[in-house]
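Try each task on your own before you read the solution.

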Amino acid sequence: MAVRRLPRGTRVDTVALGWKVEKAQKERFERLAAHAGVSSAVFFEAVVDHLNTELTSRGLPEWWPAQELTDGELPIDSP
């Protein structure tokens, strides 16, 4: 099965990811992308898009540990 990639010229403002991550995590991510039948880049963009659908009022995914309040910030969640 060929890995699905976006058509050439689809992306407008591309950047190379220069992060250092654990090899096992990178390989796991690549396996997930391959299992989905897409490139790692396409899978990464889909994961980020999905995260945007589950953000708290503080702008973090619901599963992310709670952050400390900043000075003067009240503990009020938006409905």
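**Exercise 1. Work out what share of the protein chain's residues is buried.**

Solution. Start with the cut-offs: a residue is buried under 20% relative accessible area, exposed over 50%, and partly exposed in between (1.4 Å probe, protein chains only). By that rule, buried residues make up 9% of the 79 residues in the protein chain. Please keep in mind that this is a predicted model, in which local features need pLDDT of at least 70 and side-chain atom pairs count only at pLDDT 80 or more, while totals for chains, interfaces and linings use all residues. Residues are numbered from 1 along each chain as its sequence is written, and side-chain values use heavy atoms, with hydrogens and water left out.

Areas come from the Shrake-Rupley method with a 1.4 Å probe, and for residues only the protein chains shown count as cover. The accessible surface of the protein chain is about 7400 Å², and carbon and sulfur atoms hold 57% of that.

**Exercise 2. Find the salt bridges and say how exposed their partners are.**

Solution. A salt bridge needs a side-chain nitrogen of Lys or Arg within 4 Å of a carboxyl oxygen of Asp or Glu. The structure holds two.

- Lys23 and Glu27 form one of them, at 3.9 Å from N to O. These two residues are four apart in helix 1, so about one helical turn separates them. Lys23 is exposed at 61% relative accessibility, whereas Glu27 is partly exposed at 33%.
- Lys26 and Glu30 form another, at 2.3 Å from N to O. Lys26 is partly exposed at 44%, and Glu30 is partly exposed at 31%.

**Exercise 3. Identify the residues that make the nonpolar surface patch of about 480 Å².**

Solution. Apply the patch rule: residues must have over 30% relative accessible area and no salt bridge, with like charges joined within 9 Å and nonpolar side chains (Val, Leu, Ile, Met, Phe, Trp, Tyr) within 5 Å. The patch is made by Val15, Leu17, Trp19 and Val21. To place it, find Leu17 in the segment before helix 1 (23-36).

**Exercise 4. Count the aromatic pairs and classify the one made by Trp63 and Trp64.**

Solution. Rings of Phe, Tyr and Trp (its six-membered ring) pair if their centres lie within 6.5 Å; planes under 30 degrees apart are stacked, over 60 edge-to-face, and the rest tilted. The count is three aromatic pairs. For Trp63 and Trp64, the ring centres are 5.7 Å apart and the planes meet at 65°, so the pair is edge-to-face. Trp63 is exposed at 56% relative accessible area, while Trp64 is partly exposed at 43%.

**Exercise 5. Which residues does Gln67 touch, leaving out those up to four places away in sequence?**

Solution. Contact means heavy atoms within 4.5 Å. Gln67 is in the segment after helix 2 (40-51) and is partly exposed at 40% relative accessibility. With those sequence neighbours left out, Gln67 touches Arg58 and Leu60.
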